[in-house]
Amino acid sequence: MIYAVIDIGSNTIRLSVYKVIGDEVKNLFNEKSSASLASFIEKGMMNEHGIQKLINTLKEFKNLISNFEDISKTYAIATASIRNSCNRREIIERVRTEVGIDIELISGEEEAKLSFLGSGIDSQSGILTDIGGGSSEIVVFEQGKVVKTSSLNIGSLVAFDNFARGLFITKDEKKLLEDDIKLMLASNNLNRVQHDLVCAVGGSARACLKLYNEYYDKEAGNVIITMDGLKNLINTLINMENRAKMKLILKVKADRIHTLIPGMIILYRIAKYFYADIIRVSMTGIREGFVYSKILERG
């Protein structure tokens with residue numbers, strides 16, 4: 001059986017097509033659009049421009065899906081961008097009417113659990129984080145099972161929109177962002193105990209890893225980020241001349257030129273909160289977790 005899963009995030013809308021045979025899930029195809037939906041939120045509501053961008057993107061994805069003649073079902077899930085919009089019911093109804101796709105809203109807690117389920121993490125205890133465009137999810141797991149989840153109302157795109165006055169966040173803006181993250185972490189009643197390793201999933205983490213590997217000339221298959229290395233890279237970028245910084249990020253992840261550094265700062269602060277030494281980045285996450293949960297009924 002073949003399934004399509006559309007993940008509507010605050011920064012990126014992603015389409016993945018999976019083939020499911022028994023308990024095995026194989027990724028066949030991926031496509032994405034950097035829609036930046038969180039940028040279209042005004043006074044708690046997604047404006048018409050944002051809704052139309054969402055609809056047009058989903059129409060394009062639907063045309064792509066039509067090339068797979070034997071797709072059994074298409075699922076669309078939405079996280080913070082629509083979840084936190086006051087007009088979410090209108091958005092969902094318009095997508096259903098104009099595109100013919102039903103959107104399933106995913107709560108922050110469910111988003112965290114699906115990210116954990118899809119991460120493929122093999123550690124028995126630790127922390128998992130998924131830094132999106134509009135929110136950052138944190139999972140505390142013990143003996144291979146989720147024991148606590150938390151959702152922070154800060155993501156890479158929201159951080160850029162709220163703290164950066166120019167294309168790149170400055171040293172003073174970084175300090176303000178860090179203070180905000182610290183307050184959020186302190187108010188979420190997370191048990192602050194030491195974990196040697198933090199697992200990170202999602203586009204921000206993968207982009208951070210790609211830049212980290214490029215800067216430190218790591219092998220392509222490296223998935224480990226050291227905290228000292230990440231701290232040094234963030235500070236280097238903050239102090240780097242803007243043109244050199246732009247050339248480096250464009251070379252690695254052009255579509256995240258404005259959100260990459262804010263996402264890196266969020267990742268670092270979350271990992272530091274739990275006294276981690278290293279961050280391990282997973283190449284899978286919420287969409288795979290949705291397939292495991294919804295179709296294979298795992299977890």
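Visitor: Where is Gln 143 placed?
Guide: Gln 143 belongs to the loop between E9 and E10. The model shown here is predicted.

Visitor: Why is Gln 143 called exposed?
Guide: The relative accessible area of Gln 143 is 68%. The word exposed is used for values over 50%, so Gln 143 at 68% counts as exposed.

Visitor: Where is Tyr 275, and why is it called partly exposed?
Guide: Tyr 275 is placed in the loop between H10 and strand E13 (278-281). Its relative accessibility is 41%. Partly exposed covers the values between the buried limit of 20% and the exposed limit of 50%, so Tyr 275 at 41% is partly exposed.

Visitor: What does His 195 touch, and how do you know that it is buried?
Guide: Residues up to four places away in sequence are not counted; beyond them, His 195 touches Gly 126, Ile 127, Phe 274, Tyr 275, Ala 276 and Asp 277. Its relative accessibility is 14%. Buried means under 20%, so His 195 at 14% counts as buried. The residue is found in the loop between H6 and strand E11 (197-201).

Visitor: How many aromatic pairs does a search of the whole structure find?
Guide: The search finds 7 aromatic pairs.

Visitor: Why is the pair of Tyr 75 and Phe 290 called edge-to-face?
Guide: The ring centres of Tyr 75 and Phe 290 are 5.2 Å apart, and their planes stand at 70 degrees. Rings pair if their centres lie within 6.5 Å, and planes over 60 degrees apart count as edge-to-face.

Visitor: Why do Tyr 75 and Phe 290 count as buried?
Guide: Relative accessibility is 12% for Tyr 75 and 2% for Phe 290. The limit for buried is under 20%, so both residues count as buried.

Visitor: What is the arrangement of the rings of Tyr 273 and Phe 274?
Guide: Their centres are 5.0 Å apart and their planes are at 85 degrees, so this pair is edge-to-face. Tyr 273 is buried, with a relative accessible area of 11%, and Phe 274 is buried at 0%.

Visitor: Why is Arg 192 said to lie over the face of Tyr 273?
Guide: Arg 192 lies at 4.6 Å from the ring centre of Tyr 273. The limit for this distance is 6 Å, and the direction must also be within 35 degrees of the ring normal.

Visitor: How do you know that the span of helix H6 agrees with expectation?
Guide: Helix H6 (residues 171-186) has 16 residues, which at 1.5 Å a residue should span 22 Å; its end C-alpha atoms are 23 Å apart, so the values agree.

Visitor: What makes the buried residues of H6 line one face?
Guide: The buried residues are Glu 173, Lys 174, Leu 177, Glu 178, Ile 181, Met 184 and Leu 185. Seen down the axis of H6, they fall within an arc of 135 degrees, so they line one face of the helix. Asp 172, Leu 176, Leu 183 and Ala 186 are exposed on the other side of H6.

Visitor: Why are the buried residues of H9 placed on the same side?
Guide: In H9 the buried residues are Lys 245, Leu 248, Ile 249, Val 252 and Lys 253. They cover an arc of only 90 degrees around the axis, so they are on the same side of H9. The face turned away from this buried side carries the exposed residues Arg 243, Lys 247 and Lys 251.

Visitor: What caps the N-terminal end of H9?
Guide: Glu 241 does, with a side-chain oxygen 3.1 Å from the backbone nitrogen of Arg 243.

How values were computed:
Residues numbered from 1 in each chain as written. Predicted model: local features only at pLDDT ≥ 70, side-chain atom pairs only at ≥ 80, totals over all residues. Heavy atoms only, no water. Phe/Tyr/Trp six-rings, centres within 6.5 Å; stacked < 30°, edge-to-face > 60°. Buried < 20%, exposed > 50% of the residue type's maximum accessible area, 1.4 Å probe, protein only. Helix = DSSP H or I, 4+ residues; strand = E, 2+ residues; numbered from the N terminus. Arc of directions from axis to C-beta. Polar contact = N/O pair within 3.5 Å; in protein donor to acceptor, adjacent residues only side chain to side chain. Expected span 1.5 Å × (residues − 1). Contact = heavy atoms within 4.5 Å.
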